[in-house]
Amino acid sequence: MAPRASTLTQGWSEMPYVPSRQAKGIRQALRPCETKVLPLRDVIVNGNGVKKKTLRTETHGKSRFASRLRVVLRPAGQARQHGWLILDGRAVPVALGRAGIRADKREGDGATPRGIWHAREVRYRADRVPRPITGLPALRTRRGDGWCDDPRDGRYNCLVRLPVGASHEEMWREDGLYDLVVVLDYNSCPRRAWRGSAVFMHIARGAFEPTAGCVAFRPADLRRLLARLNQATVIEII
């Protein structure tokens, strides 16, 4: 669910980012790192033609998928809506639910659910962002996509096509928070009424304003994280 943290002093090591418009580049980004020698028949140096030569270039390969990551609250005395995502010993700022982290989450309580979860898929706005590099299934968000948050409806905590009479969130948002959305498996197998819905990882609003229960990131941090995620990655919220 969507509705801010200080600047990180030490970010992640840079990971390769390949625009999705270049399908060939994406395939290369998902292969092991390798070095290629590319023949060039005609090159220009300082305005002059140069005869055939070779140019050495490195193709950056697949980022290692993370086996586990953790989401934790900031130290005592700081806002409970602000947290850190810990991966490879480094911390990335995140926004949490307005009620902090709770084990006994309920629909509408504004809490981020404590527990161990996995990412099911990523959805993205292809009209705004390129297809992300990730080990997760990547699906385009469509106009008319929604997410049912009505505990009395049989489609509770599921993707729906609008219009529907039941209470729901719109996935095609104008504020950009759902341009990239990671769907977590919280309350999915089995789904239980009133235990919470639409718990995502998505883009943060402004300076990490609290969410309605999701974990929210700066866009660049979320893209880097996606390159490390697959469906086997353990996401521990503590």
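Modeller: Leu96 lies in the loop between β7 (90-95) and β8 (101-102), where helices (H or I, at least four residues) and strands (E, at least two) are DSSP runs, numbered from the N terminus. This is a predicted model, in which local features need pLDDT of at least 70 and side-chain atom pairs count only at pLDDT 80 or more, while totals for chains, interfaces and linings use all residues. Residues are numbered from 1 along each chain as its sequence is written, and side-chain values use heavy atoms, with hydrogens and water left out.

Leu96 counts as buried because its relative accessibility is 0%; buried means under 20% relative accessible area, exposed over 50%, and partly exposed in between (1.4 Å probe, protein chains only). From Leu96 to Gly213 the C-alpha distance is 6.4 Å, although 117 residues separate the two in sequence.

Turning to the cysteines, a disulfide is a pair of cysteine sulfur atoms within 2.5 Å, and by this rule the count comes to 0. The closest cysteine sulfur to that of Cys148 belongs to Cys158 and is 7.6 Å away, so the two are too far apart for a bond. Cys189 is likewise in no disulfide, with the nearest cysteine sulfur, that of Cys158, 9.5 Å away. Cys148 counts as buried at 2% relative accessibility, whereas Cys189, at 76%, counts as exposed.

As for the strands, two of them pair if DSSP finds at least two bridges between them. Strand β5 (residues 68-73) pairs with β19 (residues 234-237) in the parallel sense over 4 bridges, and here Arg70 stands opposite Glu236. With β6 (residues 82-87), β5 pairs in the antiparallel sense over 4 bridges, and Val71 has Leu85 in β6 as its bridge partner.
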